[in-house]
Structure formats: C-alpha cells, structure tokens
Amino acid sequence: MGLVTQTSTRPPGAGKPTPAASSTGPGAPAAQSSTAARRPWISRPAQTFTVEALQERLLGAAPAWRAYPLSLRLWFVLVPVLTAVAAGLLRFVRLEVPHKLVFDETYYVKDAYSYLISGYERSWPDKANDSFNAGDPTVLLDTPEYVVHPPVGKWMIAAGMWLFGPDNPFGWRFAAALTGTLTVLLVSLIALKLFRSLPLAGAAGLLLAVDGHHLVMSRTALLDVFLTFWVLAAFGALLLDRDDGRRRLARRLAQAAASNGGQPTARMLLAGPWLGIRWWRVAAGVCMGLAVGTKWSGLFFLAGFGILTVLWDLNARRVAGIRGWISGGVIRDGLPAFASMVPVAGAVYSATWTGWFLSGNAYFRHWAESNPSREWGWLPDSVRSLAHYHLEAYKFHQGLSSEHPYQASAWSWLVMGRPTSFFYESPPQGTPGCAVEKCTSAILSVGNPLVWWPAAIALVVVLFWWAGRRDWRAGAVLAGVAAGYLPWFMYPERTMFYFYAVSFEPFLVLALVYCLGLVLGRAADPPWRRRSGLYLVGLFLAAAVLLSAFFYPIWTAEVIPYVDWKVRMWMPSWI
C-alpha cells in the first residue's frame, strides 16, 4: 500500500488554539486545561518529531514566561510576594508573646542554644526553663544530652538566636516565622506553576497565610515548620525538573529526527535518549536531605517524590512516541533519578551531623570505641557510633506510646478532632487586656475550619479527577498528601499529635485551590459562568479571612475574656 500520509480532517486552523480556548497561562483561572481538545487527532509524519510538536505534546501550548507582556510578568511576582507579606505580618507581629518557652520549645530552643555554644546537645539543670525565660541561658551543663531528632531544624532555630540573641523569645522564634513566611511564598509560586492562574496562586498563598494551624507552627520554635518548608522546596524543584526534562527530551528527539530525514531511528525510539544530569532533581535531593535532617518523616516524602518524578518521566516518553517507554524510562530516567536524589540526600543528611562528628563529648560519640565489632569493625568508629545512635533513636520512636492529654490519632487530623494546646493561662483581672473577672490567654494549633474541612472534601474530588481525567496536577497534589499522611497509619499505637499534619498542609491547600479552579471555570466558558465562579471564590476567600480574624486571638495568646475563648471552642475535643 506504500506510505500513507494521514492529515487531519478538521477545518484549516482547527488544530491551532484560539485565544479563548488556549488561555491556560498564569492569568487564566482554570484548574483544568483541555490540551487534548486543542490538538488535531492526526498529524503529518514529518511534523511529529519537530521540537515544536514534541514540546506541545509534552508541555502543552502555554506560552513561555518571556512571551507575556511585562505588566503581566510583574503580577506573576507581585501576587506571591503580596501573600508572603501578609503572612509575614501575621507571623512577626507580637512574635515575642508569650514571653516564655511554650510546649516543645522547652526541648528545641534549648538544644539550639547548645548548638550555638558547642555544636551538639548538652544537658540542662532542673528548672532551667525559669532561667531561660528570665533571659539567662548560661546555666547549660557540660554533660551531653540524648535527643531523638536530627540537627537541621535546631540549627535553623540557632541561626535566629545568633542574629537576635538567645535571651528573648523573638530570637527563639525568628527562624520559624521566617520559614513559615517563605513557605507561603513557595506555595503561591507552586500554585502558579501548576494551575497557570494568578487568582488561584493568590488564593493558595492567602489560604495558607491565614490558616491558624500553619500560623501557630510558624510562631513557635518547633521542628515541623522547617520540615514543611524543605519538603515543599523539593516539590517545587521537581516541578521545574519535570518541565526541564521534557524540554530536553523534545530537543534530543528532534535532533535525532532531523539527522534521519524527519524520523528518529528505530533504535532511538526503542528506549529514547539519555537526558543528562538533571540539576533541578539534584536540588530536590539537597532539599530532601535537609528535610530528613529535620525529621525522619521526611524519608516518606523522599520515597513518594522519587516515585512521582519517575512516573512523570515514563509518561513523557510514552507521549513522545518512545515504543519501549517503560524499560527506557526505568533505565534512562529511573536509575539517574535515584542517583540524583537518594545519594545526594544521604550526603546532605550526613553533613548535617558535622557538629556531632567534630565534638569530643556528644552523646554516643565514642560508643564504638568501647564496643568493638568483628562484623562492622572495618567502619570508622565515628560512623559506627552514629549508626548506633540512630538505632537507639529509632527504637525510641517505635516504642513511643505514652499517654498524652493532647495526643491525636491520624484519623482525626483532617477534621481537626484534637488540636494541640501549646499554651494556656488565666490572667487575673487587672492584667493588661483583662478588664473582666475571668480571662484567658491561649495558643491552640487548630486550623481554620473553612480551610481544613473543605480541603478534606477536596481530596475526594481531586482523587476522582485524577482517576477520571488523568490530570497529572491532581496526582502531584495527592502524592504530597499521601507521603505526609498515610505513613502515620502504620503506627497506630504510637503517640501522635495533630500538628504533625503541618508537613502536608500545603498540599491540602493546593487540593482546595484545585477545586476552587473548578468553580472558577475554564477560560473558554461563557462570561456569565466565569463571573459567577469568580464571585463564589471571592466570597469563599473573604469568609475564610473573616473566620481567621475570629480565631486569631486563640492562635496568638491574646488576652480575651474566658467567655470569648469558650465561644471559639467549636468542638468539645478542642478544650
């Protein structure tokens, strides 16, 4: 029959996106871009493997950053920055209140001060908190202290104490507030990248900025907000790597086709080209090493994101026309992905223990010297000692099942069944701010109900959209939630707290924003539909901000009448 060139039977120009149909750029508030509907079903063989055709198949027809007008590009930066400014105001104003160590600050702040002095954790005498609260941290003892969390978060707290002094709460909490603010900036930029919509990018940043759970964690010197930041930074790096990898694939396939008469060789199509070192993926490995160096639960994100990025690459090879896209993707993308992320993360994690390695008196530092081993004696004593330290810490985490009044099963996190009380006092009448007989000053890590409860429902919607529409963005958001949430169900007997959920909260916000994009509608929808969607989304965001203002006093230890505090306890389990 010979070579048959199949040509689209659509009218001329039907394969080219019109301005209305293709408005999937950052200014288009559409959570679903119907890329396939804009493409011809059939194209000429000579046009299949051009750079332009490949990039359109792999990345869609959205214009590049530089193709937008300068004024719009300024908004791309301004909208995320404005949400970060709002977040910063909420986090830094009255950051020094309360003027004492609250909840687990008693561990991490004092450990951070130990790092400043000696590079490792040292012990404290009884009632050390009283001295610390009074501005005198010098009561630190010379003996080492046994701790069960890696150093990164404590080094970050120590950086704030180095800048503003260890004798005041602002110095203790500065790093957490700054990191929380930067997390808001990141989530807005990631939403812009995912949804190509300025309104949705602003909504993502605003919702995280005003949510009480993230706000409390950003105003308290605990480790979890640092974990959240590094996890989100790794996710953002992998998003950039996804585009970079697809551009490389398009260029190399197009070069192979151009040198072979318009079609890549059969050998090239069998597995596809190697794509070289993916530097954004290496950056993600660095961020994941810092995440694991903050809390070991970062390991689950490393595994989840590693699988996610390889699946993205497998699909890219399939869409590009690689026949052996599974084997080719596993060998030429999967193995390099492992090498780019896991060893890099391991090296970064090991480097975070530098203070321990350089010390002469850290906990378990010389364990190996007094415990020789025939099997593992070939390892340096310092490495064996650190391995033993990790084994003991793992046993501690595995056996942590002591009762706590604010422990919360993972089943209850999405509905905020048992938020953690970080601080509670009953100031007497006459105290500044207390003009009635009974007052309260409290910090409760409860989220904004208009963020958390709709986000829990949004997860179901996003799951169906991913399963039914195969939208990669829905899958990416779900992967973030799954990596941070599902592993906790493997340890039902372990003592857990609701504030652990802050590690995947940005992905909950992205799931909610995904659904807000569905409410907004697509750029091709009639004007009345777009206006209605915009009004509904605007009304929802306004209600969320007003509700945050209502709960703000119990997030920031404001002194309020007891009856006003009680009004804010919407569930008995919040007390």
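This is a tour of a predicted model, stop by stop, with what to select and what is there.

Residues are numbered from 1 along each chain as its sequence is written, and side-chain values use heavy atoms, with hydrogens and water left out. Because the model is predicted, local features need pLDDT of at least 70 and side-chain atom pairs count only at pLDDT 80 or more, while totals for chains, interfaces and linings use all residues.

**Stop 1**

Select residues 421-425, 439-444 and 559-561, which are strands E1, E2 and E3. Helices (H or I, at least four residues) and strands (E, at least two) are DSSP runs, numbered from the N terminus. The three strands form an open sheet in the order E1-E2-E3, with antiparallel pairing. E1 and E3 are the edge strands, each pairing on one side only. From one strand to the next, the twist averages 35 degrees. Axes here are lines fitted to C-alpha atoms, for helices over the stretch in contact, and angles run from 0 to 180 degrees between N-to-C directions.

Next, show helix H20, residues 527-555. H20 packs on the sheet and touches E2 and E3, and its direction makes about 100 degrees with that of E2. Contact means heavy atoms within 4.5 Å.

Now look at the pairing in detail. Strands of a sheet pair through backbone hydrogen bonds, either parallel or antiparallel. Two strands count as paired if DSSP finds at least two bridges between them. E1 and E2 run antiparallel and are joined by four bridges; to see one place where they meet, select serine 421 and its bridge partner in E2, leucine 444. On the other pairing, E2 and E3 are antiparallel over three bridges. There, threonine 440 has isoleucine 560 of E3 as its bridge partner.

Colour E2 by accessibility. Six of its six residues are buried, where buried means under 20% relative accessible area, exposed over 50%, and partly exposed in between (1.4 Å probe, protein chains only). Cys439, Ser441 and Ile443 lie on one side, and Thr440, Ala442 and Leu444 on the other, so by this definition both faces of E2 are covered.

**Stop 2: the cysteines**

The link of cysteine 434 and cysteine 439 is right-handed, with 95 degrees about the S-S bond.

Cysteine 434 counts as buried because its relative accessibility is 5%, and cysteine 439 does so at 1%. Then select two further cysteines: cysteine 287 is buried at 12%, and cysteine 515 is buried at 13%.

**Stop 3: the largest cavity**

A cavity is found on a 1 Å grid over the protein atoms alone, as a set of points where a 1.4 Å probe fits but cannot get out; lining residues have an atom within 4 Å of a point. Grid points are joined across faces, edges and corners, and a volume is the space filled by probe spheres set on the points. There are five cavities of 30 Å³ or more, and the largest has a volume of about 50 Å³. To find the largest cavity, select its lining: Tyr115, Gly119, Tyr120, Glu121, Pro151, Trp155, Thr352, Trp353, Gly355 and Trp356.

**Stop 4: lysine 154**

Select lysine 154 in helix H6, residues 152-164. Is this lysine 154 buried or exposed? Lysine 154 is buried, because its relative accessible area is 1%. Leaving aside neighbours within four places in sequence, lysine 154 is in contact with Tyr108, Asp111, Ala112, Tyr115, Glu121, Val147, His149 and Leu223. Valine 109 is 45 residues away from lysine 154 along the chain, yet their C-alpha atoms are separated by 7.3 Å.

**Stop 5: alanine 362**

Move to the loop between helix H15 (354-358) and helix H16 (381-398), where alanine 362 is found. Alanine 362 counts as buried, at 7% relative accessibility. Not counting residues up to four places away in sequence, alanine 362 touches Tyr120, Pro144 and Trp356.

**Stop 6: serine 131**

Finish in helix H5, residues 128-133, with serine 131. Serine 131 is partly exposed, at 22% relative accessibility. Asp136 and Val139 are touched by serine 131, residues up to four places away in sequence not being counted.

How values were computed:
A disulfide is a pair of cysteine sulfur atoms within 2.5 Å. On a 1 Å grid over the protein atoms alone, a cavity is a set of points where a 1.4 Å probe fits but cannot get out, and a pocket is an open set with protein on both sides within 12 Å along at least five of seven lines; lining residues have an atom within 4 Å of a point.
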